[in-house]
Amino acid sequence: MRPPLLVALVALVLVALSGPGFAQSNLLRVCADPNNLPFSDASGNGFENRLAQLVADEMGKTVSYTWWAQRRGFIRHTLKAGQCDVAMGVPAHYELTETTQPYYRSTYVFVSRADRNIDISSLKDPRLRTLRIGVHLFGDDGMNAPPAHALGDQGIVGNVIGYTIYGNYRDSAPPARLIEAVEKGDVDLAAAWGPLAGYTALHSSVPLRIVAMEDTESFAPLQFAFDISMGVRKGDHELRARLDDIINRKRAEIDALLTSYGVVAAPAGAGRRE
């Protein structure tokens with residue numbers, strides 16, 4: 001009979017060898033939304049999918065996905081639950097994760113049909129009081145997009161039409177309904193996140209005009225431009241360092257990827273809060 005201590009040690013080794021860290025060491029386990037273009041989808045058509053593949057190639061790994069709708073609870077059910085190891089797009093310094101250095105910066109924009117000649121860029125433009133404006137709504141507890149709050153702060157509410165960012169998840173890319181409302185003329189103007197607006201404009205049958213929002217500073221503490229990073233579990237310094245290295249070495253390639261998806265880039269200092 002083996003000594004009890006030896007039995008215990010053998011058991012620990014077997015557990016280690018059968019655990020996800022050992023068995024899946026050749027995988028880059030990515031947390032992603034299967035229906036959220038231009039960011040990600042189950043067919044791998046989003047720029048975060050392509051970025052994940054770039055990262056995996058650099059690490060000599062194969063991409064493996066844990067799919068979960070990117071809404072409240074996304075990080076809790078994926079990254080924090082140990083189902084995956086990296087989320088390809090989270091705000092820099094996101095409190096639920098440890099984040100890499102940013103790999104892009106974007107901002108909220110106004111979107112209109114080009115044939116309407118609506119040249120609005122300022123959130124303080126008086127014409128906003130007479131136009132039908134589409135905005136994204138995150139929920140019924142005040143967690144709405146910054147433009148919705150800025151318009152509300154000015155008393156611009158009666159002509160604002162809300163589109164839930166979650167939409168009908170049975171449809172493709174639910175957040176795109178906001179931009180489609182501009183295409184169809186249901187709204188005159190949409191206030192949208194730059195990557196979504198830019199990508200949709202690239203694929204729109206109707207020429208669209210996209211203008212970055214100005215005069216946002218007076219609506220502080222609302223923030224309209226954000227640095228975007230990759231997120232890993234807190235304490236996973238090794239993976240974060242490897243991702244930082246790839247971001248540094250492949251920055252030109254990453255920039256070209258984002259440009260190909262129409263991602264609207266914000267100036268380095270635009271809307272930045274220290």
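1. Y65 is partly exposed, its relative accessible area being 25%. W67 is also partly exposed, at a relative accessible area of 30%. Both values come from a predicted model. The structure holds 8 aromatic pairs. One of them is that of Y65 and W67, which counts as stacked because the ring centres lie 4.4 Å apart and the planes meet at 15 degrees. The cut-off for stacking is an angle under 30 degrees.

2. Confidence should be read before the details. The protein chain has an average pLDDT of 89, and 87% of the residues score at least 70. Residues 1–23 have a pLDDT below 50, and this stretch makes 6 contacts in the model beyond near neighbours in sequence. The placement of residues 1–23 should be read with that pLDDT below 50 in mind.

3. As for the overall build, the protein chain comes to 9 helices and 12 strands. Of its 274 residues, 46% are buried. Among contacts in the protein chain with a separation of 6 or more, 76% are between residues 24 or more positions apart.

4. Which residues have the most contacts inside the largest nonpolar core? They are F47, Y103, Y104 and M230, in a core of 66 residues. Helix α3 (residues 47–59) gives the most to this core, with 7 residues. A second, separate core has 7 residues, including I75, L79, A87 and V90. In soluble globular proteins, nonpolar side chains tend to be buried together.

5. Leaving aside residues up to four places away in sequence, F47 touches P38, F39, Y103, Y104, P195, L257, L258, Y261 and V263. Ring pairs also join F47 into a cluster with F39, Y103, Y104, Y199 and Y261.

6. N49 lies in helix α3. Is N49 buried or exposed? N49 is buried, because its relative accessible area of 4% falls under the 20% cut-off. A polar atom of the N49 side chain lies 3.0 Å from the backbone nitrogen of D41. Not counting residues up to four places away in sequence, N49 touches F39, S40, D41, G44, Y65 and W67. The stacked pair of point 1, Y65 and W67, is thus among the residues that N49 touches.

7. A search of the whole structure finds 1 disulfide. The disulfide is formed by C31 and C84, with their sulfur atoms 2.1 Å apart. The pair links distant parts of the chain, 53 residues apart: C31 is in strand β1 (residues 27–32), and C84 is in the loop between α4 (74–77) and β5 (86–91). The link of C31 and C84 is right-handed, with 110 degrees about the S-S bond. Both C31 and C84 are buried.

8. Helix α5 (residues 146–153) has P146, P147, A148, A150 and L151 as its buried residues. Their cover includes the strands β7 (104–113), β8 (133–137), β9 (160–164) and β10 (189–193). After α5 comes G155, with a positive phi near 80 degrees.

9. The bond from L37 to P38 is cis, with omega near 15 degrees. P38 is in the loop between β2 (35–36) and β3 (40–41), and P38 is also among the residues touched by F47. The bond from A220 to P221 is cis as well, with omega near 15 degrees. P221 is in the loop between β11 (208–212) and β12 (225–232). Most residues other than glycine have a negative phi, and most peptide bonds are trans.

10. Positive phi values also occur outside glycine. N117, which is not a glycine, has a positive phi of about 55 degrees. N117 is in the loop between β7 and β8. Its relative accessibility is 60%, so N117 counts as exposed. D215 has a positive phi near 60 degrees, and D215 is not a glycine either. D215 is in the loop between β11 and β12, the loop that holds P221. At 37% relative accessibility, D215 counts as partly exposed.

Terms used. Residues numbered from 1 in each chain as written. Heavy atoms only, no water. Phe/Tyr/Trp six-rings, centres within 6.5 Å; stacked < 30°, edge-to-face > 60°. Buried < 20%, exposed > 50% of the residue type's maximum accessible area, 1.4 Å probe, protein only. Disulfide = S-S within 2.5 Å. Helix = DSSP H or I, 4+ residues; strand = E, 2+ residues; numbered from the N terminus. Contact = heavy atoms within 4.5 Å. Core = buried A, V, L, I, M, F, W, Y, C linked by side-chain atoms within 4.5 Å. Polar contact = N/O pair within 3.5 Å; in protein donor to acceptor, adjacent residues only side chain to side chain. pLDDT = per-residue confidence, 0-100.
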